[in-house]
Amino acid sequence: MSTELEFGSDIAMEDYTISGATAAELRASLGRVGTVLADGRRYDGHTRHRIDWESQYWLGPGGCRLSRVVVRAEIHYVLPRWTPLSWATPGLDRRWVAYLQALKTHEERHGTIVKEAAARLRDALDALPLRPTCAEVGQEAEHLGRRATEEMESRQRSYDGSTRHGQTEGVRLW
């Protein structure tokens, strides 16, 4: 019996408004209204994410296995929005576009990490063998889900650490 697999991702975008006419003013505005994370620090952008899964069981004479698996990656990007002012520092608008593109690319990489983790979880759940009871299958599936989530969070932290939260990728206004 093969497992019916379903994989999907829900992606949303949100922005918050900043203001300023110089790079220093934009940086200060980002520092005032940027996203606050669990560590209490403000960040220019953020990717909220979650992996969710549902499964159904097949119970037969030889035991129990998953018969249907649905894995979803929920990804929610939060990025700043700035409307250039006519009196802004010359060239600031071009620097902003480059900065915002670098930030968006950085956050999208976080989203890719989530999608990759969800795909690995889907594959791991699909590979679960027949077990004597459905309770054993369910426990193993929960373990795989927790492990996939922990590994994903570790990859997120490593990525931010190696890029200094995107700074090595151009996420800088000056």
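Is H165 buried, partly exposed or exposed? With a relative accessible area of 33%, H165 is partly exposed, where buried means under 20% relative accessible area, exposed means over 50%, and partly exposed lies in between, as computed with a 1.4 Å probe on protein chains only. The structure is a predicted model, in which local features need pLDDT of at least 70 and side-chain atom pairs count only at pLDDT 80 or more, while totals for chains, interfaces and linings use all residues. Residues are numbered from 1 along each chain as its sequence is written, and side-chain values use heavy atoms, with hydrogens and water left out.

H165 lies in the segment after α3, where helices (H or I, at least four residues) and strands (E, at least two) are DSSP runs numbered from the N terminus. The phi of H165 is near 55 degrees, a positive value in a residue other than glycine. R164, also found in the segment after α3, has a positive phi of about 50 degrees although it is not a glycine. As background to these two values, most residues other than glycine have a negative phi. R164 counts as partly exposed, at 48% relative accessibility.

From this segment we turn to the interior. In soluble globular proteins, nonpolar side chains tend to be buried together. Here the largest nonpolar core has 22 residues, of which I51, V71, L121, L125 and L128 touch the most other members; such a core is a set of buried Ala, Val, Leu, Ile, Met, Phe, Trp, Tyr and Cys residues joined through side-chain atoms within 4.5 Å. At least two residues of this core are supplied by each of β4 (46-60), β5 (63-81), α2 (92-126) and α3 (134-163), and β5 gives the most, with seven residues. Leaving aside residues up to four places away in sequence, L121 touches I51, W53, V71, L144, G145 and A148, a contact being heavy atoms within 4.5 Å. Another core, of 17 residues, lies apart from the largest one and has W96, Y99, V171 and L173 among its members.

Because C64 lies in strand β5 and C134 in helix α3, the pair ties together parts that are 70 residues apart in sequence. The torsion about the S-S bond is about 100 degrees, so the disulfide is right-handed. C64 is buried, with a relative accessible area of 0%, whereas C134 counts as partly exposed at 22% relative accessibility.

E107 is buried yet has no salt bridge, and the nearest side chain of opposite charge, R48, is 10 Å away; a salt bridge is a side-chain nitrogen of Lys or Arg within 4 Å of a carboxyl oxygen of Asp or Glu, and for charge Lys and Arg count as positive and Asp and Glu as negative, with His and the chain ends not counted. The side chain of E107 does make a polar contact with the side chain of T47, at 2.6 Å, such a contact being a pair of N or O atoms within 3.5 Å, of which, within protein, one must be able to donate a hydrogen and the other to accept it, with residues adjacent in sequence counting only if both atoms are side-chain atoms. K115 counts as partly exposed, at 31% relative accessibility, and its C-alpha atom is separated by 9.9 Å from that of V71, 44 residues apart along the chain.

Key: Disulfide = S-S within 2.5 Å.
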